[in-house]
Amino acid sequence: MLESGTRICPFCGEPATLAASPVVEGLPELVLLNELAPVPATREETLKELRRLFGELDTKYATLADLWLKSACWQAPSKVRWAVGGFLLALLLYLLVGIHLPAMAVWIFVVLWGVIAYFGYSRSCAHYASGLSANERAIREIENTIRRHYNEAKDCFLPLDYTAPSVLSELIAGLDSGMIASFEDYRINN
């Protein structure tokens, strides 16, 4: 993920900026990050600033993690599953109704199977696509909310990837206990 300012792309070696990142259709544009403030000089000042800056973002990060998990667990509809499911449903309907029809009516079973499998698969693909785009939109909105909060924080010295609650807790606990002397030490070691 790129932060504000110009960076070199690790794949092609070209300069890249967030403004040049592609915008997916229907998604709000990603909020650009402001420049970082200098790191406070003492450990006490750093602790005071960390507690002041990011007290209320826990719920946003938890929601974002849930949405990422949801999108990671979603699977596209399977043609094979719809073919098997359509076969079983068509067989059940044929046994209930078609058994009373003449012997040549077996073609009803085949047509019924095809209709169930086709329309079921088509509807599940449409539902999958709309659910996936709604999830991506929700992820982008929460990311933008976090970025706006980050940009509005006065004298913010943390890079965005250090604002997750688990990282902040580790950083604050390390600074409190004296295991970490400064934010710069933590940044170098992690």
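Predicted model: local features only at pLDDT ≥ 70, side-chain atom pairs only at ≥ 80, totals over all residues.
Local features were taken at pLDDT of at least 70 and side-chain atom pairs at pLDDT 80 or more, whereas totals for chains, interfaces and linings use all residues. Numbering starts from 1 along each chain as its sequence is written, and side-chain values rest on heavy atoms, with hydrogens and water left out.

The chain's secondary structure comes to six helices and two strands, where helices (H or I, at least four residues) and strands (E, at least two) are DSSP runs numbered from the N terminus. Read from the N terminus on, the order of these elements is β-β-α-α-α-α-α-α. Of the 190 residues in the chain, 31% are buried; buried stands for under 20% relative accessible area, exposed for over 50%, and partly exposed for what lies in between, with a 1.4 Å probe and protein chains only. Among contacts between residues at least 6 apart in sequence, 71% join residues at least 24 apart, a contact being heavy atoms within 4.5 Å.

Two packed helices are described by the angle between their axes and the distance between the axes. Here the axes are lines fitted to C-alpha atoms, for helices over the stretch in contact, and the angles run from 0 to 180 degrees between N-to-C directions. Helix α1 (residues 43-53) and helix α5 (residues 165-177) have axes that come within 10 Å and cross at roughly 150°. This makes α1 roughly antiparallel to α5, given that angles over 145 degrees count as roughly antiparallel, those under 35 as roughly parallel, those from 65 to 115 as roughly perpendicular, and the rest as oblique. The crossing of α1 past α5 is left-handed, a term for a near helix turned anticlockwise from the far one by less than a right angle, with right-handed used if the turn is clockwise. On the α1 side the contact is made by Arg43, Thr46, Leu47, Leu50 and Arg51, and on the α5 side by Leu168, Leu171, Ile172, Leu175 and Asp176. Sorted by class, this contact has six nonpolar, one polar and three charged residues, where Ala, Val, Leu, Ile, Met, Phe, Trp, Tyr, Cys and Pro count as nonpolar, Asp, Glu, Lys and Arg as charged, and the others, Gly among them, as polar.

Turning to the second pair, the axes of helix α3 (residues 79-96) and α4 come within 8 Å and cross at roughly 140°, and the two helices are therefore oblique to each other. In this case α3 passes α4 in a right-handed crossing. The residues of α3 that make the contact include Trp82, Ala83, Phe87 and Tyr94, while those of α4 include Phe109, Trp113, Ala117 and Tyr121. By class, the contact of α3 with α4 has 15 nonpolar, three polar and one charged residues.

Ala83, which has its place in helix α3, is partly exposed at 29% relative accessibility. Not counting residues up to four places away in sequence, Ala83 touches Trp113 and Ala117, and its C-alpha atom is separated by 8.6 Å from that of Tyr121, 38 residues apart along the chain.

Ile142 is found in helix α4 and is buried at 12% relative accessibility. Asn151 lies in helix α4 (residues 106-152), is buried at 17% relative accessibility, and touches Val31, Leu32, Leu33 and Asn34, not counting residues up to four places away in sequence.

Finally, the cysteines can be considered. A disulfide is a covalent bond between the sulfur atoms of two cysteines, and the structure holds zero disulfides, the criterion being a pair of cysteine sulfur atoms within 2.5 Å. Cys73 is exposed, with a relative accessible area of 54%, whereas Cys125 is partly exposed at 25% relative accessibility.
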